[in-house]
There are 4 protein chains.
Amino acid sequence: MRCDVIRFALSNPGDVSGLEEALASGSIEAGDIVAVIGKTHGNGLVNDYTRGYLTLSLSLLIARHTGETPEAVRKRVPFVFSGGVEGVLSAHYTVFTAQSAEAGSGEPALAIGVAFTPDYDPGDIGRQHQIDTTATAIREAMASAGIDSPSDVHFVQIKGPAFDTDDILAARHPLVSDNAGRLMALGRAASALGVGKALGEMPADAAVEAAVLKDSSLFTSVGSCSAGTEVRCNEVIVVGMSRKWSGPLAIAHGVMQDALDISGIHDVLDALDMVADPQLDERQAKRLRAGFIKCEASRNGQIRGRSHVMLTDGDIDQQRHIRGAVGAIVASVLNDTALFVSGGAEHQGPDGGGIMALIVDRETN
Amino acid sequence: MRCDVIRFALSNPGDVSGLEEALASGSIEAGDIVAVIGKTHGNGLVNDYTRGYLTLSLSLLIARHTGETPEAVRKRVPFVFSGGVEGVLSAHYTVFTAQSAEAGSGEPALAIGVAFTPDYDPGDIGRQHQIDTTATAIREAMASAGIDSPSDVHFVQIKGPAFDTDDILAARHPLVSDNAGRLMALGRAASALGVGKALGEMPADAAVEAAVLKDSSLFTSVGSCSAGTEVRCNEVIVVGMSRKWSGPLAIAHGVMQDALDISGIHDVLDALDMVADPQLDERQAKRLRAGFIKCEASRNGQIRGRSHVMLTDGDIDQQRHIRGAVGAIVASVLNDTALFVSGGAEHQGPDGGGIMALIVDRETN
Amino acid sequence: MRCDVIRFALSNPGDVSGLEEALASGSIEAGDIVAVIGKTHGNGLVNDYTRGYLTLSLSLLIARHTGETPEAVRKRVPFVFSGGVEGVLSAHYTVFTAQSAEAGSGEPALAIGVAFTPDYDPGDIGRQHQIDTTATAIREAMASAGIDSPSDVHFVQIKGPAFDTDDILAARHPLVSDNAGRLMALGRAASALGVGKALGEMPADAAVEAAVLKDSSLFTSVGSCSAGTEVRCNEVIVVGMSRKWSGPLAIAHGVMQDALDISGIHDVLDALDMVADPQLDERQAKRLRAGFIKCEASRNGQIRGRSHVMLTDGDIDQQRHIRGAVGAIVASVLNDTALFVSGGAEHQGPDGGGIMALIVDRETN
Amino acid sequence: MRCDVIRFALSNPGDVSGLEEALASGSIEAGDIVAVIGKTHGNGLVNDYTRGYLTLSLSLLIARHTGETPEAVRKRVPFVFSGGVEGVLSAHYTVFTAQSAEAGSGEPALAIGVAFTPDYDPGDIGRQHQIDTTATAIREAMASAGIDSPSDVHFVQIKGPAFDTDDILAARHPLVSDNAGRLMALGRAASALGVGKALGEMPADAAVEAAVLKDSSLFTSVGSCSAGTEVRCNEVIVVGMSRKWSGPLAIAHGVMQDALDISGIHDVLDALDMVADPQLDERQAKRLRAGFIKCEASRNGQIRGRSHVMLTDGDIDQQRHIRGAVGAIVASVLNDTALFVSGGAEHQGPDGGGIMALIVDRETN
């Protein structure tokens, strides 16, 4: 198998012209598409409908080419969109394809697999059930990707459900919180513990409901979790390296210890034999296929001893603040603004920091 | 003479405890204070009252120590506050003092001078009158700073008036615009042309009313212009290097060609014999006394060929977006978040870019 | 002919379940649908994509039932959505149907007609061309509605284009403004003058480009104009009373002199033989089929001699403020929150006021 | 004694010119001022500094006239400011004075008393201690007002502390919540239970910590509770009717059952012999001295069966939504926009509704 990764600019959340041209020209086969991850124009919070708009638009387009119904496409292909392109960031979506390919060099190459948990009730969010079903789905996705060892997993993207007031009032099970935004955080947190459990990043008996949003020493270094009202289960995408796959693409990952940790970015580049001095030059920047970053405002209200205002701002949500800041920092090193930068990094990277994964073309172009 | 530069953290816009302790301990003499520049917690737009709150609080404190009235202090000392500490930025204020000192080494040292234009009517904003009176005030401030050559000026900070709806309706002269936000932009722009004219950065006959917000090829590389409802004239602070002053502090400046131009930051550090690899280490970061940055969202809606959303966002003003982004980038290189980062860089640096000036202690500590 | 008007709740901008059930049950024939007007969840400003999302969702649904393509549906049926359900307002959409019917009583009944102008370039916005083509489209829509006299027109809804930065930079003609929000205002204003011209509310030689956003004494009392990036021409819906139509529905309209003018609301109710004392009781409220309101923040910054902050708020746009306020006032009298309340009332009603039109069922239920 | 109530317009939070003129002209004696309640320009959330700015400005002004220090004034006079003048509302402050007066007619007249609780630690907020100390302070304020019966109390205004991240991290006692906004809600809620307990509106054994933000059937009909970072204790103002006082002013109060309950407004007017038909005419409106309203977005996400978006909006806080909506509704009936409309009505009025109190001059002018 061979995995390709293609980024398209997004002028508005209904603009699927980029993929449309690629499908029309035959450079992408609709049936090869296994996942799409993107950043849309909304606020990234509960009332962000740009994620659903793009999901609908892309599933219609793909269905038109595969002959499936749009609903069938959405059941097969995870569409993981995070709202919010604050500051210098640029809205885009990244299409992952997998296709049969002649055997490669035997060297590890980019590999991808997807899986889905059962649908969740609002009362399931933040619970052990969500942790465990997520861990199971990750193992399924690893198997489907042909990745045997957790150490070969470099990125796990999860999109879980968010609920509006109507959903919350109709919940069948008791809720951990009846606050819509808080439920999003609980869902991201439980999902992150599910990643950590599946990959052995934390003891299985530590990845428990009681630790959700409580024990920030527990975190995954490869899992990125989002939530949105447009899905009802946890959609899971696992990306890593496998000798069963071929092709020029590679992925590496690392953590940012805090919002200013640019050494963390350079470390990931280093693992990919790239050098930013102080910024990737144009030639190297062109080798970048996708960048995924999770980040959050530090909960003690400080960065390296100085106060920030992100936690108490009533006009701009803390996630919008931190995405704009960390997104700009990473963009300035990578010389690329079409990055997936997502807030809400509960149990994803160290407290106040985050994680990052980069996919690059190893061949010089 | 000798100029000192001391930064204080600001927990809220009425918190002057930092300077209060310094005055109580005698480490600063109230009478030596010549200017204060700071970043406050507000949105940095027309309805940002945090600037006025800090101005009142500081003038009360200083007046209590000098025996002046607060009004007299405000007439003598420019208080230039810019609202908006988006993302990682930290609210703070920087106090500039000047005191008699024994003759130094004869080497150039940090020098400062201030001046004030006459009060403006809303109808004066964006006009030739504002350009010319600003230029005159800059020359006065240079003289007061003992700086003879424009090439020794590294930073000019101007704070001019903003007007609310009542002011605008009461204007005595015809207005260039009756939109409050637009008037702020016009005022910053005309002030920037005043800087360029005074320092010979542009031909005097180019710094004309007709070019205001029209000809973006005209810009100053040292002038930073803000506007707020708490002042009625242009307050001017000139900072540079002069052999008439002594002390360990130095200032350098440069431009950022666009929002991602981290080479521009490294160039300024280079001029000050500092190295960020990729970030100033803690020891070097401690030598930083203050950093001043102006930036703006590029008006073509793109950064290096990719779209941004800053110009068409109805929820977050473009200035808040760009401050958060560029502020984070500069902070990540300087290892310091208490930076003066201000949006609205009309004619201040190249289109879509901005300017920066850093004050450092040349002596190793 | 007979016109029916059915409102559906909208839980999110992709939720078309209400109409879906009505089509499935046969209570509405998809081919009878002539227009849809609604309020969606977005901010109602340039970057509001909820309008496009609902347009796509509804056109897909209708196309599925009529056998047309969604594109053909969008060419035939105006979908006029305004973002912003601030405060007590409730997201919804109102479907207008027209079907053959046996001759009625000969009394005037609700009548509807639609028309479309040619597509506009950004450079056409705010120009005489937009005024004149809009006036022409209104006369076409009147003809199609079988309404002969302008005095029988009680509501004209227009949805025109908004442009993002890319569009603006690609304009073929010189622009009246290169600011996206300003272009929306210019388009609404020119369209309103087109209404006034077509209906004889103002002298034809007064409805000129030079008056756009300049002469606020010129206004229509029946025209409501919105703008959004999801359309490229002016879509025009004319609603009035005609003896060529039958059925129990009726429409009346009036103006609000300012934001607090509840007498204006009572006057419209009075014309429809309804009484709010002080609020429509539940029985009367059920007779209400739809309410359309345009409003705006008074440009002198005052309401009845007291200041408001709407014009200078950098956190909440003035349109969001005024929709929330006037929407609540009207809702409190009508006992109904599913109202179409739209800001940006340039030349629509008196300065600082607005217009309203109500459709009711004249038969007691 | 005789209580007077004077409202002043507020052009910005540092504008005390209205009271300054009244003090200069002698129409108000600085020493007679017992309380000030007002609405300022901020967002009314944690990072709203306009409340502190006005508190500082007014205490400086009063101190200059009484010879006290500003700190002493702030210890004696409660300054209760609520941020947020959304929509049609107008920023203002209302000064309450009490002065010796010849015995009146023996009829009840407006009476006022104030008191202060001890300072609170963040860990005290939402606790039994806050409920009980608030109840004690209310009884003290009643005694000071010469009001014997709880039924003669028509308005209790409480301003308690809000805490920023630094404060929260420095808390000495365990916190009910470490979320700054949640702490504000807990503080308002516990204070409201304190009012209900002191006035016998609920059984004393029901006004317990366990009910805070849990049992919404418990509510006060006269208590209005706000929170802000500018105070550290609960400041309590009790306003009612007493035969020990004289003068033409009177107060009445009532509840709004939900956001659209305009009958509730008419009931309060009725108790004061005023008639809105449908709006107070100019003559009656002039008799209005002050209006106080608490309101909140209904927690089930609905108003009279239709959904609202206030609880899940990531761009505009629910308090800003509801203040703008209910403020406009009340203003449209009272023909007055300088109203104290405050969100966060936990245990203040029925769930989804609120309370209102009006002070009027009973003598025709």
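**Note on the chain contacts and the annotated site**

1. In chain A, 20 residues are in contact with 20 residues of chain D. The model is a predicted one. Chains A and D bury about 1,300 Å² between them. Carbon and sulfur atoms give 46% of that area. On the chain A side, the most area is lost by A:Thr165, A:Thr312 and A:Asp315. Together these three account for 36% of what that side buries.

2. In one salt bridge, D:Arg320 pairs with A:Asp315. Their closest N and O atoms are 3.7 Å apart. A:Asp315 is also among the residues of chain A that lose the most area to chain D.

3. Which helix gives the most to the side of chain A that touches chain D? It is helix α5 of chain A, residues 165–169, with 3 residues. Sorted by class, that side of chain A has 5 nonpolar, 9 polar and 6 charged residues.

4. Turn to chains C and D. Here 37 residues of chain C are in contact with 37 residues of chain D. The area buried between chain C and chain D is about 2,900 Å². Of this, 62% is on carbon and sulfur atoms.

5. The interface of chain C and chain D has 2 salt bridges. One of them joins C:Arg306 to D:Asp336, with the closest N and O atoms 3.1 Å apart. There are also 12 residue pairs in polar contact across the interface of chains C and D. Three elements of chain C each supply at least two residues to the side that touches chain D: α7 (262–271), β12 (306–307) and α9 (318–334). The largest share comes from α9(C), with 8 residues. By class, this side of chain C has 16 nonpolar, 13 polar and 8 charged residues.

6. Next, the annotated site. The UniProt record, an unreviewed entry, places the feature "active site" at A:Lys159 and A:Ser226.

7. Take A:Lys159 by itself. It is found in strand β6 of chain A, residues 153–161. Is A:Lys159 buried or exposed? Its relative accessible area is 0%, so A:Lys159 is buried. The side chain of A:Lys159 makes a polar contact of 2.7 Å with the side chain of A:Glu230. Beyond its neighbours within four places in sequence, A:Lys159 is in contact with residues including A:Arg51, A:Phe79, A:Phe81, A:Ser226, A:Glu230 and A:Asn234.

8. A:Ser226 is the other annotated residue. It lies in strand β7 of chain A, residues 223–228. A:Ser226 has a relative accessible area of 8%, so it counts as buried. Leaving out residues up to four places away in sequence, A:Ser226 touches A:Lys159, and also A:Ser82, A:Gln157, A:Arg188, A:Lys294 and A:Phe340, among others.

9. Strand β7 of chain C, residues 223–228, holds C:Ser224. At 1% relative accessibility, C:Ser224 is buried. What does the side chain of C:Ser224 make a polar contact with? The partner is the side chain of C:Gln157, at 2.6 Å. Not counting residues up to four places away in sequence, C:Ser224 touches C:Gln157, C:Phe155, C:Lys294, C:Phe340 and C:Ile355, among others.

10. Last, helix α7 of chain A, residues 262–271. Its buried residues include A:Ile262, A:Gly264, A:Ile265 and A:His266. A:Val268 and A:Leu269 are buried in this helix too. What do the buried residues of α7(A) pack against? Within chain A, they pack against β9 (249–256), α9 (318–334) and β14 (354–361). They also pack against α9 (318–334) of chain B. After α7(A) comes A:Asp273, which has a positive phi, near 60°.

Note on methods. Residues numbered from 1 in each chain as written. Chains lettered and ligands numbered in written order. Predicted model: local features only at pLDDT ≥ 70, side-chain atom pairs only at ≥ 80, totals over all residues. Heavy atoms only, no water. UniProt positions renumbered as here; feature names shortened; annotations may be inferred. Helix = DSSP H or I, 4+ residues; strand = E, 2+ residues; numbered from the N terminus. Buried < 20%, exposed > 50% of the residue type's maximum accessible area, 1.4 Å probe, protein only. Contact = heavy atoms within 4.5 Å. Polar contact = N/O pair within 3.5 Å; in protein donor to acceptor, adjacent residues only side chain to side chain. Buried area = accessible area lost by both parts, 1.4 Å probe. Salt bridge = Lys/Arg side-chain N within 4 Å of Asp/Glu carboxyl O. Nonpolar A, V, L, I, M, F, W, Y, C, P; charged D, E, K, R; others polar.
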